[in-house]
Amino acid sequence: AVAYARAIGAEPLIQVPHLNGIDMLPATPDEAAAMVTYANVTQGYGIKYFAIGNEPDIYDSQGSLTDSTLPAIPGYTTDDFCASAADYVAAMKAADPTIQIVGPDLAYKYQAGNDWLTPILQTCGDLFDIIAIHRYPFEAAQANLAAAKADLTSFRSVIAQVRGIMASTNQGQKPLALTEMNVAYDATTCVLDASPGTVGSALWLADSVGTAIELGLWTTAVWDISDGDPWALGIIDVPPAHTPRPEYYAY
């Protein structure tokens with residue numbers, strides 16, 4: 001994977017496990033440090049960017065291994081995340097102090113009335129070298145052309161609001177990244193003219209990436225690259241054909 005990334009001029013971003021580690025036992029900072037050691041000390045890959053887990057703002061509501069609709073960690077809080085992230089970053093940077101940490105990779109709780117970003121950045125913002133969130137503006141059943149076109153205004157507003165949070169928590173000088181994004185977060189059926197897999201979705205993606213460039217975002221990463229129907233969020237279909245979808249050409 002690293003060789004491929006280097007060959008195409010891409011930079012890997014490695015996400016260390018935060019919930020479940022080896023043999024489905026609870027993940028630990030030592031395991032994360034071992035990954036950094038293997039990658040950058042043993043193998044000499046020189047990977048710059050690491051993230052700790054994924055979407056901690058929904059640990060308290062979904063993500064259980066036995067039932068994804070149940071909480072991964074009941075009652076999980078921003079303080080819990082910061083305490084854990086501090087242990088992870090200390091262990092990982094002890095293994096390689098040159099790495100940069102990307103996070104907290106929030107699913108959606110960075111808005112007024114439902115805001116995890118402010119308390120996280122207030123409590124442990126200094127852990128993160130690059131601030132990262134995710135964005136999925138619609139359910140597939142809401143993603144029509146008119147809504148997709150109007151979303152650009154909402155997108156600019158969201159980024160302005162997040163940058164306001166960053167500034168108010170003394171993190172405003174750092175890069176801001178969208179480490180996951182798509183027109184919708186669900187795609188069990190394609191129902192409207194801008195749902196995933198449509199030309200309308202591709203137009204939304206082109207507009208969104210162009211807007212992200214104008215806004216100076218550090219990255220705008222589509223979730224995901226390849227998947228099969230009926231969960232067709234990917235820009236290409238499954239192997240071996242990897243048939244491109246409309247979003248592929250836009251991206």
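Student: Where is the place of L203?
Tutor: L203 sits in helix α6. Keep in mind that this is a predicted model.

Student: Is L203 buried or exposed?
Tutor: Exposed: the relative accessible area of L203 is 51%, and the cut-off for that label is over 50%.

Student: Which residues make a nonpolar surface patch with L203?
Tutor: L145 and V199 do; with L203 they make a patch of about 280 Å².

Student: OK, strands now. How many residues of β7 are buried?
Tutor: Six of the six, residues 176-181, so strand β7 is largely enclosed by the rest of the structure.

Student: And which strands pair with β7?
Tutor: Strand β6, residues 130-135, runs parallel to β7 and is joined to it by five bridges. Strand β8, residues 220-222, also pairs with β7 in the parallel sense, over two bridges.

Student: What does the chain pass through between β7 and β8?
Tutor: Helix α6, residues 199-215. That β-α-β crossover is right-handed.

Student: Which residue in β8 is the bridge partner of M181?
Tutor: V222 is the partner of M181 there.

Student: What does the chain cross through from β6 to β7?
Tutor: It goes through helix α5, residues 145-168, and this β-α-β crossover is right-handed.

Student: What does the side chain of R135 meet in a salt bridge?
Tutor: The side chain of D151, at 2.6 Å from N to O. The pair links distant parts of the chain, with R135 in strand β6 and D151 in helix α5, 16 residues apart. Both R135 and D151 are buried.

Student: How many salt bridges does the structure hold?
Tutor: Eight. Another one is between E11 and R6, whose closest N and O atoms are 3.1 Å apart. E11 is partly exposed at 35% relative accessibility, and R6 is partly exposed with a relative accessible area of 35%.

Student: Which residues are linked in a network of salt bridges?
Tutor: D227, D229, D237 and R245. Within it, the side chains of D229 and R245 meet at 4.0 Å, N to O. Both D229 and R245 lie in the loop between β8 and α7, 16 residues apart.

Student: Are D229 and R245 buried or exposed?
Tutor: D229 is exposed, with a relative accessible area of 60%, whereas R245 counts as buried at 9% relative accessibility.

Student: Last topic, C124. Where is C124 found?
Tutor: In helix α4, residues 117-124. C124 is buried, with a relative accessible area of 6%.

Student: How far apart are C124 and C82?
Tutor: They are 42 residues apart in sequence and 5.7 Å apart in space, C-alpha to C-alpha.

Notes. Residues numbered from 1 in each chain as written. Predicted model: local features only at pLDDT ≥ 70, side-chain atom pairs only at ≥ 80, totals over all residues. Heavy atoms only, no water. Buried < 20%, exposed > 50% of the residue type's maximum accessible area, 1.4 Å probe, protein only. Helix = DSSP H or I, 4+ residues; strand = E, 2+ residues; numbered from the N terminus. Pairing = 2+ DSSP bridges. Right-handed = clockwise from strand over helix to strand, strands pointing away. Patch = residues over 30% accessible without salt bridge, like charges linked within 9 Å, V, L, I, M, F, W, Y side chains within 5 Å. Areas by Shrake-Rupley, 256 points an atom, 1.4 Å probe, with all protein chains shown as cover.
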